[in-house]
Amino acid sequence: CKINSSPDLWTYTVLIMACARGRQWQRAMQLFEVMQANGFSPQRVTYDMLLNALAKGGQWQTALSLLDEMEASAVSADACAYTCAIVACSKEGRWLEADSLMSRMARRGIVPGLNAHNACAHAHAVAGRWGDTLRIFNEVHTSTEMQLDRIAFNTMLFALSKARGAVRVSLVDYILSRMEGLSVPVGFDTLQFLIILYSRAGHWQDAKGVLEQMKIMGYIPRLRDFNAVVSACANTGMWMEAWSVLEHMTDCGVQPDTVTYNSLIYACGRAKQLSTGLRMLSNMEARGLQPDIYTYNTLIYTCAAVGDLEEALRLFQQMMTAAENQVLNTQRDQSSGVLAPDIITFNTLISACLPRRRWDTAVNLLKHMQEECGINSDCCTYMMLATISLHADEIERAVAIIDMMNNVGIEVDA
């Protein structure tokens, strides 16, 4: 008795379904093409599984082409196929295509399910169209018998996190009350969206409150949750509050990264707490974290803000030494990033020369920037040099600097 081991249509369909579950859309497409080359005509379920794989990979263009191919064949697209195509569009914020697919479903008499509405609303949210996101869910709530689920409410919160102004925060209580009214539980994902929303709006107290709520509910916040709250505190100069979030983070067993410390150092800069910022730099290095260009630029800016030119120059030398060491390491490890001063570094250093009218130091920094680092001066560089000259009563030199700036084609910013 000879057993036929050649794959059949169902075998290919199951394999494509497995690829979809494993988020391997490229492999799923290869199997689909091999299947067709072997003379098998795909069935509706085959298309649905492949569209599912493309949706998870965000391959909206391929998904739309496949949907067109499906409708051109004897196989009619169903709600599942359209929903997968809409999901693919939603990941890239392709709201026009998502709306078009919803219209095509209506013309064909296909009733979209909640997943389709969620995906379409998410496409608008990704594109920053928070008003349309809320409109879609309001229409679903008022004109259908479908009950909004947690994904729908999370999508609303995500959309509001991209909105500007106070409107996003003002609508949070309304959304949460609707969740409660519909008995939709607040999950870990909902709390994460709340942290993002409050942090971007600068409501650090509310963001910290959500961290405490996570603790009460038995959830452990992730690194990015803590970093969002630290950033919210930093943007308002609340460095002590930012430091308390760091302590909460370590208590939860979550290790801070360079982003965490950069926000902490920025908070110190906003509050002109140079000594505290330097202690955080030491703490950062003690944890084995390498400062980056943002770390040094922020500390140098803080030095300039408090008038400590010597400390700014010391940090600059430290950065240059670290940059040299990184170049050596990069020769051994090509994946390593290279630290190097930029125009912000030099402009900030030159601005630190202003309080003491250190013209010679400013000129040396300018030469270093142009000759050793190959960085061209910008409007800020020239204006800072001119300002130092004016403060030193060197009016002719200031005029010469402005003329030089005009000669190289740099216009004074309005």
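Modeller: Helices here are DSSP runs of H or I, at least four residues long, numbered from the N terminus. Keep in mind that this is a predicted model.

Biologist: How far apart are the end C-alpha atoms of α1?

Modeller: Take 1.5 Å a residue: the 13 residues of α1 should span 18 Å. The model agrees with that, because the ends sit apart by 19 Å.

Biologist: What arc do the buried residues of α1 cover around the axis?

Modeller: The buried ones are Tyr 12, Thr 13, Ile 16, Cys 19 and Ala 20. They lie on the same side of α1, because their arc is only 120°.

Biologist: Over to α20 and α21: are they roughly parallel or antiparallel to each other?

Modeller: Packed helices get described by the angle and the distance between their axes. Here the axes of α20 (343-352) and α21 (359-372) come within 9 Å and cross at roughly 170°. Anything over 145 counts, so α20 and α21 are roughly antiparallel.

Biologist: How many residues of that α20 contact with α21 are nonpolar?

Modeller: From α20 you have Ile 343, Phe 346, Leu 349 and Ile 350, meeting Ala 362, Leu 365, His 368 and Met 369 of α21. One residue is polar and none is charged, while the nonpolar ones number seven.

Conventions: Residues are numbered from 1 along each chain as its sequence is written. This is a predicted model: local features need pLDDT of at least 70, side-chain atom pairs count only at pLDDT 80 or more; totals for chains, interfaces and linings use all residues. Side-chain values use heavy atoms; hydrogens and water are left out. Helices (H or I, at least four residues) and strands (E, at least two) are DSSP runs, numbered from the N terminus. The expected span of a helix is 1.5 Å times one less than its number of residues. Buried means under 20% relative accessible area, exposed over 50%, partly exposed in between (1.4 Å probe, protein chains only). The arc is that of the directions from the helix axis to the C-beta atoms. Axes are lines fitted to C-alpha atoms, for helices over the stretch in contact, and angles run from 0 to 180 degrees between N-to-C directions. Angles under 35 degrees count as roughly parallel, over 145 as roughly antiparallel, 65 to 115 as roughly perpendicular and the rest as oblique. Contact means heavy atoms within 4.5 Å. Ala, Val, Leu, Ile, Met, Phe, Trp, Tyr, Cys and Pro count as nonpolar, Asp, Glu, Lys and Arg as charged, and the others, Gly among them, as polar.
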